[in-house]
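Please look at the chain shown below with an eye for its aromatic rings, its surface and one of its helices. The report after it describes these in turn.

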Amino acid sequence: MVEVQFWWNGETIIVKNKKQFDWELLRLSDEVKNKNLSRNQGALVFTRFINKRMPMEDSSCDVEKLKHLDQKGYVKLDNLFSKVELQEIIDVLSTKDVCNQHVPPGQKKFKIENSDNRFNSYFLEDILKCPHLLKACLEKEVVDLAQSYLGCVPTLYSINVYWMLKNFTGCSEGPDIISGIQKFHRDYDDYKFLCFFVYLTDVDDNSAPHLFIEGSHLTEGYSYDINKVKKFIGPMGTTVAEDTYGFHSGGSGAKELKNDRLVLWFRFGLHKNSPTLAQLPRPFHKSKVNCDGINFDEKTKFITRFCIDHGSYK
């Protein structure tokens with residue numbers, strides 16, 4: 001066991017194991033909310049606490065990419081998958097059921113070819129069993145960037161793969177309906193967090209490409225400058241890291257699409273936030289997860305503790 005002492009709100013908290021550690025993070029969340037701290041102030045409280053429990057190692061993060069992310073709110077990365085791996089992912093997932101929304105779990109379960117919804121997400125147990133997906137989330141370039149941006153060892157709190165279909169009939173308004181996530185919006189997952197989007201199909205202007213308002217992660221309120229919109233188009237494998245507190249659109253707001261779009265998106269944050277509670281209420285046993293090529297050292301166990309039940313760790 002590693003004993004962590006951390007002074008907060010006039011008292012010393014002693015943390016002796018991982019379960020208590022996450023309970024104390026939830027407690028900190030309540031304290032931060034009660035004090036009405038800003039997002040940056042709240043993030044600093046969490047990162048100081050986390051760094052006591054799991055100190056950061058030296059990072060080989062690309063300084064220019066980190067600077068671009070800090071200033072613009074997004075940065076493009078090298079592809080995380082080979083073409084062979086991408087095809088294997090698609091082949092495996094094509095045999096699995098989906099649910100009727102852009103994040104699991106959904107109310108319905110069906111094959112993608114029988115869908116009458118625009119957004120269709122795979123179930124988490126199938127995502128974690130699929131080859132290459134979890135390994136990509138833990139690539140050194142990814143973790144180093146997330147760690148440098150957040151200011152502490154990151155926590156993987158969400159992983160999802162979903163289809164956006166060109167044809168669907170599930171809404172009374174018909175196929176022209178624009179979903180809420182296709183409109184520009186902010187995410188409020190954590191005091192600080194970072195999302196990664198990976199196109200698993202080719203995406204062009206006819207495939208509802210992802211959009212982001214440059215610099216809007218540094219602003220507050222509900223207004224944005226549409227002249228600063230960044231559009232992401234590219235072949236399968238295109239990868240973008242993004243602070244989605246900034247205004248973004250999951251599909252460009254297009255009513256009519258000519259191509260289907262499949263995307264992997266996963267998120268790193270500071271603690272067990274509301275998306276974690278909804279999508280990862282309990283970790284999966286390691287035997288239920290495709291762990292090929294992953295070295296589960298103490299840092300990686302910490303990062304994936306909400307996805308995988310590792311038992312006790314130091």
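The following paragraphs go from the aromatic rings to a surface patch and then to a helix.

This is a predicted model, in which local features need pLDDT of at least 70 and side-chain atom pairs count only at pLDDT 80 or more, while totals for chains, interfaces and linings use all residues. Residues are numbered from 1 along each chain as its sequence is written, and side-chain values use heavy atoms, with hydrogens and water left out.

**Aromatic rings**

The structure holds 13 aromatic pairs, where rings of Phe, Tyr and Trp (its six-membered ring) pair if their centres lie within 6.5 Å, and planes under 30 degrees apart count as stacked, over 60 as edge-to-face and the rest as tilted. Two of these pairs are set out here.

| Pair | Centre to centre | Angle between planes | Kind |
|---|---|---|---|
| Phe196 and Phe266 | 5.1 Å | 5° | stacked |
| Tyr224 and Phe247 | 4.8 Å | 45° | tilted |

Phe196 lies in strand β7 (residues 194-199) and Phe266 in strand β12 (residues 261-269), so this pair ties together parts that are 70 residues apart in sequence; strands (E, at least two residues) and helices (H or I, at least four) are DSSP runs, numbered from the N terminus. Both Phe196 and Phe266 are buried, a word that means under 20% relative accessible area, whereas exposed means over 50% and partly exposed in between (1.4 Å probe, protein chains only).

The other pair also links distant parts of the chain, with Tyr224 in the loop between β8 (210-213) and β9, and Phe247 in the loop between β10 (239-242) and β11 (248-249), 23 residues apart. Phe247 counts as buried because its relative accessibility is 4%, while Tyr224, with a relative accessible area of 37%, is partly exposed.

**A surface patch**

Tyr224 also belongs, with Ile226 and Val229, to a nonpolar surface patch of about 250 Å². Val229, in strand β9 (residues 229-232), is partly exposed at 34% relative accessible area.

**Helix α3**

In helix α3 (residues 63-72), Lys65, Leu66 and Leu69 are buried. They cover an arc of only 100° around the axis, which puts them on the same side of α3, the arc being that of the directions from the helix axis to the C-beta atoms. The face of α3 turned away from its buried side carries the exposed residues Val63 and Glu64.

Note on methods
Patch = residues over 30% accessible without salt bridge, like charges linked within 9 Å, V, L, I, M, F, W, Y side chains within 5 Å. Areas by Shrake-Rupley, 256 points an atom, 1.4 Å probe, with all protein chains shown as cover. Salt bridge = Lys/Arg side-chain N within 4 Å of Asp/Glu carboxyl O.
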